[in-house]
Amino acid sequence: MKKIEGGICAVEGVKAAGACEDNYGVAIIQYPESSAAAVFTRNKVQAAPIIITRESVKDGRLSAIVANSGNANCFTGQEGIEHAKLMTFQVAEGLDIPQEDVAVASTGIIGRQLPLPIISNLITDALRRLEKSPEASRNAAEAIMTTDTYPKEFAVETTLNNGKTIRIGGITKGSGMIAPNMGTMLSFITTDIEATPNELEEALQKSVEKTFNMVVVDGDESTNDIVILLSRPGQGNIDEKFQEALDYLCSELARMMAHDGEGATKYMEVEVKGAMTLNDARIAARSVVKSPLVKTALFGADPNWGRIVAAVGYSGANMDEDTISVRLEEGERFVDVVNNGEIMAFDGTEELELAESIMEREEIKITVDLAIGDFKATAYGCDLSYDYVRINSEYST
C-alpha cells in the first residue's frame, strides 16, 4: 500500500468540481452507475439532505453527489426537503441521470433556509467545471469547508490478494461539532474495486467505527454527518488488503480533522491498550480525548495525569487503578507519569520535568495501559483553546 496524489480523482472514472461564493460553496462528484454505501449521523434531529440521501442510497446505486457548505439545511421543515430535492434535480438534469441517483449533503448554520439562488448558481458553475484532475479533487474539498482552515483529501493504492491493483481516494470536511458517531463532517470516498453495495457497507461500517467515530473535537454530535463510499459494480473482491487500505485512508482523514479542530493549537492521539474488550478500549480512549479537563490541560501544557485517569474511570470501561499506566510521548521522547498504579511524576522529579516539556509540543500521544486484557483502540482529538470559544460565539454572525 502506498500514498498517491489526486484525492477522489485518483480513481478512474471519477470527476469532481468545486465552486465558491462568499461563505457558500458547492462540490459535485460524478461516478456514473457506481455501487454505493453510506453511514449517517445518529442524531435524532436530521437535516433535510440526510433524509433525502437515505432514500437515494437504499438501492445501493449512485451516479453523483452534490454537497454545499454555508448552510446545513437542517430544522427547515418541508421547505428544506424541497430545497434538497431541487439540488438533486438540478444536478441530475445537468448530468442527464436519474434524480434518485444523486446524493445530497449540506454543512453550515442550522435553522436557516437554504439560499437557493446562490446554491443553484454554484451548482451551475460546478457542473461546468467537472473534470478528472488533482485540482478538481482539491477544489471539491475546498468547496465543502466551513470553519476548516485547509482542505482535507487523501488517496492510496494497494494490491489485493488476487493480484489486482486498486485505488481509494477521499475528501472530508470537519473542524468543529465533532464527536463520536461522527461530527459535523462530510466525507466522500471513491474506489475502483468492484463490489456490491452490501460488501461496501460492511467495509465502510468497520472503518467508520475505528476512525471517524474515534474523533472528538468538542463532544457535540452533528445533525448532518454523512460518509459515502462509491465503487465500480461487481462482487467478491473486498478482502483484508482492501479493508486495511480503507482503514488507513479513513484514519488519515480523521487525523486531519483532529489536527484542524476549531481553535486548536495542539493535536493529541490517545491509545488505550490492555483493555478487557474492544468496546472498553474504544470508550476509554474517547473519554480521554473528549474530556474538557484533559483538553484544557493540553492547551496549558499541564501533564495532569489525574485528569486522564479520571476520564478513563468514568468512561464505563473495566479498569483497575492498581494496574493502570499512563505514558506521554512526543517524537522519540516519552515518560511514564503513572506506572502500574504508582505515580511517577511528583514535584521535583525528572519525570515531571520531562512531562512538562513534552506537553509543550504541538503533537502529543497519550498511551493508557489498563493491563487487564488484550484489546486496544486509538482516538484522535485536540486541545480546547480561547479561539474555540471565539469561533463558536461568532459562528452565526
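## Two helices that cross

A crossing of two helices is called left-handed if the near helix is turned anticlockwise from the far one by less than a right angle, and right-handed if the turn is clockwise. In this predicted model, the crossing of helix α2 and helix α3 is right-handed. Helix α2 spans residues 77–95 and helix α3 spans residues 116–129, and their axes come within 10 Å and cross at roughly 25 degrees. Angles under 35 degrees count as roughly parallel, and α2 and α3 are therefore roughly parallel to each other.

The side of α2 that takes part in this meeting includes His83, Leu86, Met87 and Gln90, together with Val91, Gly94 and Leu95. From α3, the residues they meet are Leu116, Ile119, Ser120, Ile123, Thr124 and Leu127.

Threonine 76 is placed in the loop between strand β4 (61–71) and α2. With a relative accessibility of 8%, threonine 76 counts as buried, because the cut-off for that class is under 20% relative accessible area. Once its neighbours within four places in sequence are left aside, threonine 76 is in contact with Gly111, Arg112 and Gln113. Threonine 76 also lies 8.3 Å from isoleucine 110, C-alpha to C-alpha, although the two are 34 residues apart in sequence.

## An open, mixed sheet

An open sheet is formed by 7 strands, in the order β9-β16-β11-β15-β12-β13-β14, and its pairing is mixed. Its edge strands are β9 (215–216) and β14 (342–343), each of which pairs on one side only. Strands of a sheet pair through backbone hydrogen bonds, and the pairing can be parallel or antiparallel.

Strand β12 (residues 325–330) runs antiparallel to strand β15 (residues 363–369), to which it is joined by 5 bridges; within this pairing, serine 325 has aspartate 369 of β15 as its bridge partner. Strand β12 is also joined by 5 bridges to strand β13 (residues 333–339), again in an antiparallel arrangement, and here glutamate 329 stands opposite phenylalanine 334 in β13. The hairpin of β12 and β13 has 2 residues between the strands, and in it glycine 331 takes a positive phi near 60 degrees.

Most residues other than glycine have a negative phi. Aspartate 22, however, has a positive phi near 55 degrees. Aspartate 22 lies in the loop between β2 (15–21) and β3 (24–40), where its relative accessible area of 73% makes it exposed.

Alanine 371 likewise has a positive phi, of about 60 degrees, although it is not a glycine. The place of alanine 371 is in the loop between β15 and β16 (375–382), and at 41% relative accessibility alanine 371 counts as partly exposed.

## Cysteines

A search of the whole structure finds 0 disulfides. For cysteine 9, which is in no disulfide, the nearest cysteine sulfur is that of cysteine 20, at 15 Å, whereas a disulfide requires the two sulfur atoms to be within 2.5 Å. Cysteine 9 has a relative accessibility of 5% and therefore counts as buried, while cysteine 74 is buried with a relative accessible area of 0%.

Definitions and conventions
Residues are numbered from 1 along each chain as its sequence is written. This is a predicted model: local features need pLDDT of at least 70, side-chain atom pairs count only at pLDDT 80 or more; totals for chains, interfaces and linings use all residues. Side-chain values use heavy atoms; hydrogens and water are left out. Two strands pair if DSSP finds at least two bridges between them. Helices (H or I, at least four residues) and strands (E, at least two) are DSSP runs, numbered from the N terminus. Buried means under 20% relative accessible area, exposed over 50%, partly exposed in between (1.4 Å probe, protein chains only). Axes are lines fitted to C-alpha atoms, for helices over the stretch in contact, and angles run from 0 to 180 degrees between N-to-C directions. Angles under 35 degrees count as roughly parallel, over 145 as roughly antiparallel, 65 to 115 as roughly perpendicular and the rest as oblique. Contact means heavy atoms within 4.5 Å.
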